[in-house]
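This briefing covers the surroundings of the two ligands. Please read it beside the sequence and the model.

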Amino acid sequence: MARDTTLTEPHAADGDSLHRRGLMLILSSPSGAGKTTISRMLLEHDPHIRNSVSCTTRSPRPGEVDGKDYHFVSQEQFDRMAEDGEFLEWAHVFGKSYGTPKAQVKAGLKAGQDYIFDIDWQGTQQLYQKLERDVVRVFLLPPSIDELRRRLTGRGTDSAEVIAARMDRARSEISHWDGYDYVVVNDDIDACFEKVKQILAAERLRRARQTGLIPFVREMMEPDGPLA
Ligand code: ADP
Ligand code: 5GP
């Protein structure tokens, strides 16, 4: 039988020539703990992972680009997409709607594309219920509540009122820490990034994701195969 070494283009450069199903790396944390920073570092350093761009009804922050950071949509557009079943998951966060569009991700996973998701615990639960085997759930914790407040203030993107609301919500978000596969404290940013990269590297090697392994091993086991 011919060996199925179908190359998934994004992984060929790694010498990883067996076909692999993509994974969904979910990064959640209380707002301000650093998931946007870690996502950006991963996207910059790892050509094999893409951002899943969510839809949101909130306004863009300075520097955010429509179609790259989010698809910024009206509430009417969002509601229509939700009704038409265009989201893999969606939730209300801070009084705004956020959702993950379905189409691109489903096709990409099959083709071996990895995606990173910056979504909250509600979205994480929904994705896990739908696509349990594709999901890798990582929760980032700040080193302390005081440091979380410092980061939210230092980011300079939110009013005092919004920061107070995010701090109020932080405790309830942290209470969902045990719904994740991995928990990483984001104290030193480089150390945190290193840990997230290690998680990703190990998860990519999971047997169930390496769909090209079955024909590869079968051929090795054949009576007149390489082991004979
Ligand atoms: P989130 O996406 O979780 O809301 P951000 O990534 O926007 O958080 O980070 C909030 C702020 O904290 C940003 O200004 C970011 O530069 C800063 N930050 C993130 N990680 C660290 C870290 N390990 N040490 C110090 N500052 C950090
Ligand atoms: P922000 O407005 O700071 O970008 O995001 C606010 C919160 O919404 C964060 O906790 C973020 O993880 C979450 N979020 C962003 N996109 C999505 C999404 O598509 N679905 C869900 N459930 N949460 C999201």
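A residue counts as near a ligand if one of its heavy atoms lies within 4 Å of the ligand. The model is predicted, with local features needing pLDDT of at least 70 and side-chain atom pairs pLDDT 80 or more, while totals for chains, interfaces and linings use all residues. Residues are numbered from 1 along each chain as written, chains are lettered from A and ligands numbered from 1 in written order, and side-chain values use heavy atoms, without hydrogens and water.

**Ligand 1**
- An oxygen atom of ligand 1 lies 3.0 Å from a backbone N or O atom of Gly 34, and a nitrogen atom lies 3.2 Å from a polar side-chain atom of Arg 151.
- Alone, ligand 1 exposes 570 Å², of which the protein buries 76% (Shrake-Rupley method, 1.4 Å probe).

**Ligand 2**
- Around ligand 2 there are 17 residues, the closest being Ser 54, Arg 58, Tyr 70, Glu 89 and Tyr 98.
- Oxygen atoms of ligand 2 lie 2.5 Å from a side-chain N or O atom of Tyr 98 and 2.8 Å from one of Asp 118.
- Ligand 2 taken alone exposes 510 Å², and the protein buries 96% of that.
- Strands S5 (87-93) and S6 (96-101) each supply at least two shell residues.

Notes
A polar contact is a pair of N or O atoms within 3.5 Å; within protein, one must be able to donate a hydrogen and the other to accept it, and residues adjacent in sequence count only if both atoms are side-chain atoms. Helices (H or I, at least four residues) and strands (E, at least two) are DSSP runs, numbered from the N terminus.
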